[in-house]
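Student: I would like to learn how to read a few features of a structural model with some care. Could you take me through them one at a time?

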Amino acid sequence: MDSMTAVYIAQGLHGLAYGMLLFLVASGLTLIFGMMGILNIAHASFFMLSGYFCYQILQWTGNFWVGLIIAPLLTAIVGVVVERFLLRRMRAFGHVGELLVTVGIMLIILESVQYFWGTESLPLPPPHILEGMVSIAGIAYPIYRLFVIGMALFVLVILFLILYKTRIGMIVRAAVTDPDMVNALGINIPVIFSLVFAVGTWMAGLAGVAIAPIITVFPGLADQIGMDAFVVVITGGFGSLGGAFLVSIVYGLLNSYGIQFISQLAPVLMFIVMALVLIVKPMGLFGERE
Amino acid sequence: MNNILETKNLFHDFSGLQVLSNVNLEVADGERHAIIGPNGAGKTTLFNAITGTYTPSSGNIIFRGRDITSARPYEITRAGMGRSFQITSTFHRLTVFQNIRMGILSKKGIRYNLFRRVDKMLDITRETDEVLERINLTEYRDTPAELLSYGKHRALEISMAMATDPELVMLDEPTAGISKDETEYTVSLIRKLTENKTMVIIEHDMDVVFSLADRITVLHHGEILASGSPDEIKNNQEVKDAYLGEMEEE
Amino acid sequence: MTTKRLSWIFWIALLLFLLLYPHIFGAYYTNVIVIFGIFSLFALSVNLLLGFTGLLSFGHAMFFGVGAYGVALALTHIEGCPLLVALLIGIGSSFIFALIISPILVRASGTAFAMLTLAFCMLMYTLSLKLRNITQGEDGIGGFPIPDLNILGIVSFEMTDPVNFYYFATAVLLISMWGLWFITKTPFGMVIISIRDNAMRVDYMGYKVVNSKALVLLVSASFAGVAGSVYALFQNLVSSDGVFSIMTSFAPLIMTVIGGVGSFFGPIVGSGVMMLLEEVVTRYTERFSLVSGIVLVLVVMFVPMGLTGVVKIAREKWVLRRAANE
C-alpha cells in the first residue's frame with residue numbers, strides 16, 4: 001500500500017484511539033448529566049487523578065497491570081465519597097449549588113495532585129508486552145494504542161450489555177431519562193445515583209490510566225480532556241450514549257486529520273460545530289432532557 | 001352572540017396520545033363560563049393550548065377576531081388574556097406588593113426601563129395599592145408571597161391573573177385545596193374581580209360552578225360532551241351518565 | 001438618629017476615606033485596593049446574573065477578557081488614542097461580543113446556560129492563544145502606552161503615577177457600581193428578579209423573557225468589560241491566562257458565593273474576604289486555589305447565603321429579640 005494511504009490509516013487509528021478514550025470519559029459525564037441534571041465539572045479531574053494514582057502504584061509495585069486495575073477503582077471510591085457526602089446534600093437546593101460544589105472539588109483535586117506530585121509531567125511507561133510496534137498491512141503501528149482501542153471497545157461492549165440486557169441496566173436507563181418516575185416506582189434512586197456516579201467515574205479513571213503512557217501524567221490533563229468531553233456531551237446530547245459515541249469518534253478522527261491538514265484550528269472548528277448544533281437543536285444532537 | 005373566544009376543531013396530542021379531540025368551544029363576551037369534567041379530560045390542556053403554553057396539533061383559536069393559535073404566552077397576555085394556575089405560581093420571594101406591581105408595569109408596557117427607580121414611580125405604586133385594596137391583601141403588602149397562608153396565596157395567584165387588567169380571565173381550579181369556609185370568600189372575590197370581564201374557569205367543586213357560571217361546557221376524554229346553561233347541563237343524561245354521582249359531590 | 005441619616009454619614013465617611021486612602025496607606029496598598037475594586041465590579045456583574053436573575057455564568061471571564069483586549073489593542077494600534085476613548089472601546093467590545101453570542105445564550109437556562117458560557121469562554125481562551133498575530137498568543141499584549149487623562153484639554157493627569165491612576169480607576173469603578181445598583185432598583189431590575197423566582201409566570205405576565213435575559217446579559221457583560229478595561233490599564237499586560245482562564249471565571253463566582261448572592265453588596269464583601277484570605281494564605285503555601293476550593297465547598301454546603309446572608313439573619317434575630325424583650 002502506498003505511504004499516503006498508510007499515513008491516513010495511521011492517523012485514523014490515532015483518532016479512533018483518542019475517540020474511544022474520549023467516549024469512556026464522556027459517557028460517564030453524559031449519564032451523570034442525564035440522571036442528575038448537572039454536568040460534573042470535576043469529572044475530568046477524576047480522569048487525571050486516576051493517572052496519578054496509577055503512577056504512584058507503578059512507583060510502589062512496578063506493575064502496570066496492578067495500576068490499571070486498582071487506580072480506576074480508587075478513583076471510583078473517591079467519586080462515590082464525593083457524591084454521597086457532598087453532592088447528595090446539595091440536591092435539594094437545585095442545580096446551582098451542585099455545580100458550584102463540583103467546581104470546588106475540581107479545584108481541590110487539581111491543587112492536591114500538584115501538592116503531592118508536583119507540577120512536572122510524570123512519565124508512565126506501558127508494560128513490556130505492549131511496547132513496540134506491530135505491522136498492519138505494511139505500516140508500523142504502536143501496539144499500545146491498539147491495546148487501548150481494544151480495551152475501550154471491550155469495556156463499552158460490557159457497558160452496552162449491562163445497560164440493555166440486564167435488569168439493573170434497564171433501571172439505570174429509566175433513571176437517566178426520568179428519575180422521578182423511577183423513584184415513584186419504589187426503586188432506591190439515591191443508590192442508583194451513586195452507582196452511576198461510581199461507574200462513570202471508574203470509566204473516566206480507566207481512560208486516565210490508558211492515556212497516561214501516551215501523553216504522560218501532568219496537571220493540565222483535566223483541562224484538555226475536560227474541554228473535549230464537555231463538547232462531546234453537549235453536541236451529542238445530554239444523556240445520550242449513542243450521541244456521545246458518535247461525536248467522540250468523529251471528534252477523535254477530526255482532531256487527528258484536522259491536526260494534519262487544518263493545523264491549529266481543530267478545537268475551534270469543534271466549538272463552531274457545537275454552537276451551530278445548539279442553535280438548531282438546543283438539546284444537542286440526540287438529547288432528550290433539558 | 002358575540003364570542004370573545006372560540007376554538008375551532010381543536011386537536012392536541014402528546015406523542016400519539018390524543019388529549020383533545022375536535023374541541024369547538026365558544027365563550028360569549030362578558031359571560032362566566034365553566035369547564036368541567038373528570039380528571040384527565042383535557043381541561044388544563046385546553047387552557048394551555050388557548051393561553052399559548054403549547055401550540056395545538058391542529059385547529060384554530062380565535063380571540064376577539066384574531067387568530068392566536070400559535071401565539072406565545074406573553075403575546076396572549078398582551079392581547080388581553082390573563083391566566084391563573086392550578087398549582088400556585090407566583091414570585092415566591094417577592095412581596096405581595098411586588099407581585100401585583102409586575103402586572104401593573106406590564107400593562108403599562110414598562111418592560112425594559114433601566115432609567116427610573118421603580119419605587120419612585122408613584123402612579124404605579126398607587127395603582128398597585130388600589131389593586132391590593134380590592135383583593136383585601138393590603139395588610140400583607142410587604143409579606144413575601146411564600147410566607148402567605150395557602151388561602152391568601154391562592155387569592156394572590158388569582159389576582160396575578162388579573163393584574164394586567166385582561167378582558168378575558170382564565171382561572172384553573174382557583175379553589176383547589178381551599179377549605180370550605182374560605183371557598184365562599186374566594187368565590188365572592190372572583191365574582192367581584194371579574195365584573196365587566198369575561199371569565200373561563202375550570203372547577204371540580206360543583207357548588208362553585210353553579211354559583212358562578214352562566215354557561216357550562218363538559219369535557220370528557222378530550223371531547224366536548226355537552227355545552228349549555230347550568231340547568232341544561234344538570235338535566236343532561238349523557239353528562240349524568242359520564243359522572244354518576246360526581247355532580248352530587250360535596 | 002434615623003437609618004437614613006446614618007446611611008448618609010456612612011457613605012460620606014467612605015468617600016472621604018477613599019479620597020485620602022493613597023496618602024494614608026502608600027503605593028503598595030493603593031494598588032491592592034485598585035485590584036479589589038476591579039474584582040468587586042467583576043463579581044457584581046456576575047451576581048447580576050446569578051443572584052438577581054438566577055443564571056449561573058461559568059465563563060464570565062470572556063466579557064472581562066474581551067474588554068481587556070479591547071483596551072490593549074486600541075492603545076497598541078491607534079496612534080494617540082485618548083484614555084477615555086480606549087476605555088470606551090474596551091467596554092464597547094464586551095457589549096458587542098455579548099450582543100453577538102446572546103441569541104444562543106438566552107435560549108438556555110440552568111445547567112445548559114452555565115455550560116454554554118463555559119464553552120464560549122474556553123473558545124475565547126483558545127482563540128486568543130491561536131490568533132497570535134492579533135493577540136501575541138501566550139505572551140499577551142503588554143507595554144502599551146497608557147495615555148494621560150486629558151480633561152477637555154485643560155488639565156492633564158499622568159496615569160503612570162499610581163496615585164493618579166487610583167483616583168481615575170476608583171472614579172470609574174464607583175460610578176459603574178452605582179450604575180449597577182441603580183439598575184437593580186428599576187422596573188427592569190424587578191423583571192430580572194421575577195425571572196429568577198418564576199420565569200414562566202413572567203412570560204404569562206406579558207414579558208418576553210428571552211429579550212429580558214438578553215438585556216441583562218448585555219448589561220452584565222458591559223460592566224464586566226469595564227472591570228476588564230480598567231484591569232488592562234492597570235496591569236499593562238493582557239494575556240490569555242490572565243483574562244480568559246477558568247480561574248478568572250471562577251474567582252468572581254467564589255467571591256460572590258462567599259459574600260452572599262442574595263445581597264447587592266455580597267460580591268464586594270466576598271472580594272474583600274478573598275483578597276484578605278489570599279494575603280494570609282500565600283504566606284504559608286502556594287496552593288491558594290486549594291484553599292479557595294475548600295472554602296467554596298464549605299460555604300456552598302453550610303453557609304449558602306454567604307456572609308451577608310449570615311449578617312442579615314443575625315440582624316433579624318437581634319430585632320426579634322429586642323421586640324420580645326420590650
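Tutor: His221(B) counts as partly exposed, with 15 C-beta neighbours inside 10 Å, where a residue is buried if 20 or more other C-beta atoms lie within 10 Å of its own, exposed if 12 or fewer, and partly exposed in between, the C-beta atoms being placed from the backbone. This is a predicted model, in which local features need pLDDT of at least 70 and side-chain atom pairs count only at pLDDT 80 or more, while totals for chains, interfaces and linings use all residues. Residues are numbered from 1 along each chain as its sequence is written, and chains are lettered from A in the order in which they are written.

Student: Which residues have a positive phi although they are not glycines?

Tutor: Among them are His221(B), with a phi of about 55°, in the loop between strands S10 (215-220) and S11 (223-228) of chain B, and Arg64(B), with a phi of about 50°, in the loop between strands S5 (58-63) and S6 (66-67) of chain B. Helices (H or I, at least four residues) and strands (E, at least two) are DSSP runs, numbered from the N terminus. Arg64(B) is partly exposed, with 16 other C-beta atoms within 10 Å.

Student: How do I read the pairing of strand S1 of chain B?

Tutor: Two strands pair if DSSP finds at least two bridges between them. S1(B) runs antiparallel to S5(B), with 5 bridges, and Lys8(B) has Asn60(B) in S5(B) as its bridge partner. S1(B) is also joined to strand S2 (residues 17-23) of chain B by 4 bridges, again antiparallel, with Phe14(B) opposite Leu17(B). S1(B) and S2(B) form a hairpin with 2 residues between them, and Ser15(B) in the turn has a positive phi of about 40°.

Student: Which chains share the most contacts?

Tutor: Two residues are in contact if their C-beta atoms, placed from the backbone, lie within 7 Å. Of the 2 pairs of chains in contact, chains A and C share the most contacts, whereas no contact joins chain A and chain B, whose closest C-alpha atoms lie 14 Å apart.
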